[in-house]
Amino acid sequence: MGFWGCYLVGRSGEPLIGHPALRDARERLTLREYRADGWQVWSHPTESSLGSMTALADAARAPVLLGFVMDGVCVAVEAAAPHSGSWYACLGRTPMAERLGPDGPAPEDLFLSPEDAAARAVRWAAETGRGVREGPLLELLRIERPEWSGEELFFAFLDRLGIKSLSD
């Protein structure tokens, strides 16, 4: 069984968990890494109980992103920004469909299409001050059965959004 948990990503001059919108979850959030330009990646060991990303983005006046990794094979992404709004994407659609089960909703019922998600991701990145290309994001969002782990997919997604690690 792979990793189940969330990654919360935001940019702030202070620790993101100090924000009042994260009051109920802060004891279970752990700093995973700092990334370039003040970005922080926090992990939460269980299913998301972090509240609304839209509310956090509005309160922080900055874009935020949440990746919920399921069994280490797929990722539900929720992103929000004060001006471009919120959106949901899926990394690893086939494993996501398997996790949702035959009687559950289909990925298409919960997430944007890869094309729509890539377009929204470009607008989200622009709100962070980054100009990114849609093609590399779309390529990642279209992978049906990834060879990478869910965590690797998520961190590749961050890289393609222009949220680079400090070692790059």
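I started with the lining of the largest pocket, sorted by class: nine residues are nonpolar, one is polar and one is charged. This is a predicted model, so everything I note here is computed from it. I then looked up which of the eleven lining residues lie nearest the pocket centre, and got Phe68, Met70, Ala76, Tyr88 and Phe111. Strand 4 (64–70) and strand 5 (74–81) are the elements that give two or more residues to that lining. The space in the largest pocket comes to about 210 Å³.

Next, the fold as a whole. I counted six helices and six strands in the protein. Reading along the sequence, I wrote the order down as β-β-β-α-β-β-β-α-α-α-α-α. The C-alpha atoms fill a box of roughly 40 × 35 × 30 Å along the principal axes. I checked the radius of gyration too: a compact globule of 168 residues would have one near 15 Å, and the protein has 15 Å, which agrees. Of the 168 residues, 48% are buried. For contacts with a separation of 6 or more, I find that 60% are between residues 24 or more positions apart.

Then helix 1 (residues 53–60). Which of its residues are buried? I get Met53, Leu56 and Ala57. Down the axis of helix 1, these buried residues fall within an arc of 95 degrees, so they line one face of the helix. I looked for what covers them, and the cover includes strand 1 (5–11), strand 4 and strand 5. Strands 4 and 5 had already turned up in my pocket notes, as elements giving two or more residues to the lining.

Helix 5 (residues 134–141) got the same look. Its buried residues include four leucines: Leu137, Leu138, Leu140 and Leu141. Why do they sit on the same side of helix 5? They cover an arc of only 160 degrees around the axis, which puts them there. For packing partners of the buried residues of helix 5, I listed strand 6 (85–91), helix 2 (93–100), helix 4 (114–127) and helix 6 (150–160).

On to backbone angles. Most residues other than glycine have a negative phi. Arg61 follows helix 1, in the loop between helix 1 and strand 4. Is Arg61 buried or exposed? Its relative accessibility is 73%, so I logged Arg61 as exposed.

Asp71 also has a positive phi, of about 55 degrees, although it is not a glycine. I placed Asp71 in the loop between strand 4 and strand 5. With a relative accessible area of 18%, Asp71 is buried; the cut-off I used for that is under 20%.

Last entry, Ser165. I find Ser165 in the segment after helix 6. At 16% relative accessibility, Ser165 counts as buried. What is Ser165 in contact with, leaving aside its neighbours within four places in sequence? I wrote down Arg35, Ala36 and Asp159.

Technical notes: Residues are numbered from 1 along each chain as its sequence is written. This is a predicted model: local features need pLDDT of at least 70, side-chain atom pairs count only at pLDDT 80 or more; totals for chains, interfaces and linings use all residues. Side-chain values use heavy atoms; hydrogens and water are left out. Buried means under 20% relative accessible area, exposed over 50%, partly exposed in between (1.4 Å probe, protein chains only). The arc is that of the directions from the helix axis to the C-beta atoms. Contact means heavy atoms within 4.5 Å. On a 1 Å grid over the protein atoms alone, a cavity is a set of points where a 1.4 Å probe fits but cannot get out, and a pocket is an open set with protein on both sides within 12 Å along at least five of seven lines; lining residues have an atom within 4 Å of a point. Grid points are joined across faces, edges and corners, and a volume is the space filled by probe spheres set on the points. Ala, Val, Leu, Ile, Met, Phe, Trp, Tyr, Cys and Pro count as nonpolar, Asp, Glu, Lys and Arg as charged, and the others, Gly among them, as polar. The radius of gyration is taken over C-alpha atoms; the globule rule is 2.2 Å times the number of residues to the power 0.38.
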